[in-house]
Amino acid sequence: MMNAAAIVVGCSTGGLDALKLLLGGLDRRLPQPLLVCCHTGSETIELLCELLGRVSALPVIAAAERHAVRGGHVQLAPTGYHLLVEPDRRFALTTDPRVNHSRPSIDVLFASAATVWREALIGVVLTGASADGAEGLRLVRRAGGCAIVQSPADAQIPVMPQAALDRAGADYCVPLNDIPPLLNRLCLP
Amino acid sequence: MEPLGDELAREGIELELFIQAMHRRHGYDFSQYAPASLRRRVRQLAERFGCDSISALTGRALHEPKLLPQLLEGLSVPVSDMFRDPAVFRALREKVLPLLASYPQINIWQAGCAHGEEVYSLAILLEEEGLYERSRIFATDLSANALRQAEEGIYPLREAKQWSRNYQAAGGTRSLVDYYNARYDLLKLDDQLRRNITFAQHNLASDRVFCEAHLVLCRNVLIYFSNPLQDHCLALFRDSLVRGGFLCLGMCESIDFADSAGDFAAADASLRIYRLAANGAAMAAP
Ligand SMILES: C[S@@+](CC[C@H](N)C(=O)[O-])C[C@H]1O[C@@H](n2cnc3c(N)ncnc32)[C@H](O)[C@@H]1O
């Protein structure tokens with residue numbers, strides 16, 4: 001158990017299936033906000049919200065510019081924008097250049113979240129085909145936060161979790177099935 | 001290693017001092033920008049200039065005035081696309097331009113034009129709708145370097161495929177190829193498109209109203225501003241627009257927390273197209 005204030009999750013290729021499993025296994029009493037950056041390649045985020053909303057234990061919405069981060073909600077980075085968290089815990093979006101060929105970039109979200117929540121942040125890196133998220137997860141750990149990485153052998157595409165392990169290491173490196181109970185344990189009082 | 005808390009606190013001070021230096025030395029006020037992304041960009045700028053801290057960058061900003069254009073370019077984000085969010089350009093073509101057509105002279109202000117991708121997209125729309133002869137577009141930006149590039153209208157050819165798709169999706173009646181020449185790995189837009197565009201430097205944070213506009217296009221610029229500066233800009237747009245004039249913001253922008261938002265009525269909320277309400281009364285959608 002830790003004093004977790006927020007969870008950030010990053011994934012790309014294979015991420016939809018992984019997120020379904022992850023969000024489906026969460027305890028619906030989780031009070032923390034869960035912010036997700038998934039490189040979807042789809043034009044809009046609404047479809048993804050709907051797909052995930054059907055299986056998720058928590059409501060799934062798109063992160064809205066300038067609005068406060070909401071506890072007990074899954075909030076997705078909109079397609080085509082970087083998602084950041086401001087010091088006053090509101091969302092900001094930018095159209096800055098792609099980072100690791102991606103916008104939204106996991107590194108950008110994790111870096112700003114680590115600045116805000118520091119040791120009270122949990123970072124999760126799942127399946128994916130790029131190294132995005134590795135540097136972000138390093139910053140999460142550097143700020144004293146907790147890093148969870150899906151074991152590469154278990155991931156649909158191992159590149160992303162492997163890159164995260166290589167660059168940041170992890171407090172927990174476990175198969176996807178074990179991540180929801182782990183989060184529930186870390187996040188519920 | 002310095003504890004991260006201390007490091008962030010120190011960097012916060014450095015950032016404040018840098019912002020002060022830019023303001024007092026060069027007259028550019030970034031204090032009202034959204035902090036998370038500003039911090040990121042200043043960090044990147046320090047790196048690009050080979051400075052190992054923001055303080056070192058501040059030193060250079062103070063001592064080397066000729067760096068100003070590069071600093072401004074680094075702090076602003078001149079990233080854009082032609083016909084980005086095609087649905088917006090389709091709505092401008094099909095819903096907004098027909099209403100603007102009733103004016104003998106159409107003035108459009110594009111604020112934050114970056115490298116000009118959107119201003120040329122507008123010119124093409126106006127051309128195809130037969131309105132360009134009586135239109136004038138003011139394209140403004142903070143960055144002189146960005147404006148210079150915008151005026152050239154030269155872009156990497158690798159963008160052409162996506163931009164052509166966007167153009168078609170936005171209801172283009174011809175082919176985007178008709179508007180440019182490709183040479184090597186560059187594309188150059190037709191000089192004719194520039195004939196009614198005026199490029200000018202204008203700082204949304206400090207400069208004033210300069211025209212009477214029928215349409216203001218300001219997409220993905222206010223997202224970089226904190227709430228008070230966003231509100232200030234919306235007031236600036238209100239004061240620039242004719243009654244019933246249109247304002248088009250970026251697709252993910254929220255004006256939910258701005259007082260001046262009350263002066264506008266949504267014409268298409270999901271596309272972020274608004275209309276200046278006559279005497280504050282909400283107007284019907286077009
Ligand atoms: C991300 S670009 C938007 C380009 C284009 N409108 C689009 O959406 O594709 C943001 C632009 O706003 C400009 N900008 C930033 N601060 C500004 C200010 N205070 N006044 C005027 N322009 C500003 C930047 O120089 C940059 O070119």
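Helices (H or I, at least four residues) and strands (E, at least two) are DSSP runs, numbered from the N terminus. Before clicking, note that this is a predicted model, where local features need pLDDT of at least 70 and side-chain atom pairs count only at pLDDT 80 or more, while totals for chains, interfaces and linings use all residues. Residues are numbered from 1 along each chain as its sequence is written, chains are lettered from A and ligands numbered from 1 in the order in which they are written, and side-chain values use heavy atoms, with hydrogens and water left out.

**Stop 1: chain A**

Select P59(A), in the loop between helix 2 (46-55) and strand 3 (60-62) of chain A. Is this residue buried or partly exposed? P59(A) counts as partly exposed, with 42% relative accessibility (buried is under 20% relative accessible area, exposed over 50%, partly exposed in between, using a 1.4 Å probe and protein chains only). Setting aside neighbours within four places in sequence, P59(A) is in contact with G72(A), H73(A) and V74(A); contact means heavy atoms within 4.5 Å.

Next, go to R89(A), in the loop between strand 5 (82-85) and strand 6 of chain A. Its phi is near 60 degrees, a positive value in a residue other than glycine. Then click P104(A), in the loop between strand 6 (91-94) and helix 3 (106-117) of chain A.

**Stop 2**

Switch to chain B and show it as a cartoon. Seven strands make an open, mixed sheet in the order 6-2-1-7-8-10-9; two strands pair if DSSP finds at least two bridges between them. Strand 6 (197-201) and strand 9 (264-268) of chain B are the edges, each with a single partner strand, so one side of each has no neighbour in the sheet. Ignoring direction, neighbouring strands of this sheet are turned by 20 degrees against each other on average. Axes here are lines fitted to C-alpha atoms, for helices over the stretch in contact, and angles run from 0 to 180 degrees between N-to-C directions.

Zoom in on strand 2 (residues 135-141) of chain B, which runs parallel to strand 6 of chain B and is joined to it by five bridges. One pair to pick out is A139(B) with its bridge partner F199(B). Helix 6 (residues 117-128) of chain B packs on the sheet, and its direction makes about 170 degrees with that of strand 2 of chain B.

**Stop 3: the ligand**

Which chains surround the ligand? Residues from chains A and B do, so the site is shared between chains. Of the 22 residues around the ligand, Y33(B), S76(B), S80(B), D141(B) and N203(B) come nearest (a residue counts if one of its heavy atoms lies within 4 Å).

Finish on E118(B), in helix 6 of chain B. One of its polar side-chain atoms lies 3.0 Å from a nitrogen atom of the ligand, and a backbone N or O atom of R219(B) is 2.9 Å from a ligand nitrogen atom. The side chains of E118(B) and R219(B) are also joined by a polar contact of 2.9 Å. A polar contact is a pair of N or O atoms within 3.5 Å; within protein, one must be able to donate a hydrogen and the other to accept it, and residues adjacent in sequence count only if both atoms are side-chain atoms. E118(B) counts as buried, at 3% relative accessibility.
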